[in-house]
Amino acid sequence: MVDRSIQFIDLRALKDLKGTNIFKVDIDKIDRQISQRYPYIAQLRVVRQLPDRILILAKKREPLMQIYFKKKYLLLDAQGVALYYILAPASLPQVYGIPLERDWMYLGGAIRGQEMGKTLEILNGFKSSPYLKRWRIHSVQAGNLSKIDLLVGENMHVILDQDDTQDKIELLQMLISTNKIDLNKVKYIDLRFKEPVIANNVEDTGAKE
């Protein structure tokens, strides 16, 4: 029996289980086989259910971002786990500045490092906000932790740094929720300072609020 959320797995690999004594089934082996073949599933559990069933329980990891790597797009989830490659870009934030060559990277493994940790904190913070999750984040420049640049919506930039990230996301949410800024006119919002710097997209004045 396979959990409904992972009905995509190929049961042909488990066909030899039929007719086998349930107590002779190597649960750990099945777990390893599924984990290796499907790195985009999480919380995998393979359990015996008497009298005659093997239950396979898991959750499917959902992609949160993409990184262009070795002429392909690598999709990663909300924990930084490398899921799979695609040839054409997805409608996900494309992240730059993550040094994948620094560590041995493999599908199913989590990518570590300050740049990835900060990117995950920001993207997950936006995703969990009822106001910010409606924005489409096109890209994240994460190579310089003193100036993390998000390209949002039509052509607006949100700039943060590695300090007090969650507080700055909450400040941004407050600015949006109270309608203190007109997103259609904003060129960038810089949250790295004590007071946010909001620049209007007006070429002749370059006005700031």
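The crossing of helices α2 and α3 is right-handed. In this predicted model, their axes come within 10 Å and cross at roughly 30°. Angles under 35 degrees count as roughly parallel, so α2 is roughly parallel to α3.

**The helix pair**

Helix α2 covers residues 114–128, and helix α3 covers residues 165–177. Which residues of α2 and α3 make the contact? On the α2 side they are K118, E121, I122, G125 and F126. On the α3 side they are T165, Q166, I169 and L172. Sorted by class, the contact has four nonpolar, three polar and two charged residues.

| Helix | Residue range | Residues in the α2–α3 contact |
|---|---|---|
| α2 | residues 114–128 | K118, E121, I122, G125, F126 |
| α3 | residues 165–177 | T165, Q166, I169, L172 |

**The chain as a whole**

How many helices and strands does the chain have? The secondary structure comes to three helices and 11 strands. Along the sequence the pattern reads α-β-β-β-β-β-β-α-β-β-β-α-β-β. The radius of gyration is 22 Å, whereas the globule rule gives 17 Å for 209 residues. The chain's value is well over that of the rule, so the chain is more spread out than a compact globule. Its C-alpha atoms fill a box of roughly 80 × 35 × 30 Å along the principal axes.

**Backbone points to check**

Two backbone features come next. Most residues other than glycine have a negative phi, and most peptide bonds are trans. Where does the chain have a cis peptide bond? The bond from L50 to P51 is cis, with omega near 15°. P51 sits in the loop between β1 (41–49) and β2 (53–60). Q43 is found in strand β1. Q43 is not a glycine, yet its phi is positive, at about 50°.

**Confidence**

The mean pLDDT of the chain is 85. Of its residues, 92% reach 70 or more. Where does pLDDT stay under 50? That stretch is residues 204–209. For residues 204–209 the model has 11 contacts beyond four places in sequence.

Key
Residues are numbered from 1 along each chain as its sequence is written. This is a predicted model: local features need pLDDT of at least 70, side-chain atom pairs count only at pLDDT 80 or more; totals for chains, interfaces and linings use all residues. Side-chain values use heavy atoms; hydrogens and water are left out. Axes are lines fitted to C-alpha atoms, for helices over the stretch in contact, and angles run from 0 to 180 degrees between N-to-C directions. Helices (H or I, at least four residues) and strands (E, at least two) are DSSP runs, numbered from the N terminus. Angles under 35 degrees count as roughly parallel, over 145 as roughly antiparallel, 65 to 115 as roughly perpendicular and the rest as oblique. A crossing is left-handed if the near helix is turned anticlockwise from the far one by less than a right angle, and right-handed if clockwise. Contact means heavy atoms within 4.5 Å. Ala, Val, Leu, Ile, Met, Phe, Trp, Tyr, Cys and Pro count as nonpolar, Asp, Glu, Lys and Arg as charged, and the others, Gly among them, as polar. pLDDT is the predictor's confidence in each residue, from 0 to 100. The radius of gyration is taken over C-alpha atoms; the globule rule is 2.2 Å times the number of residues to the power 0.38.
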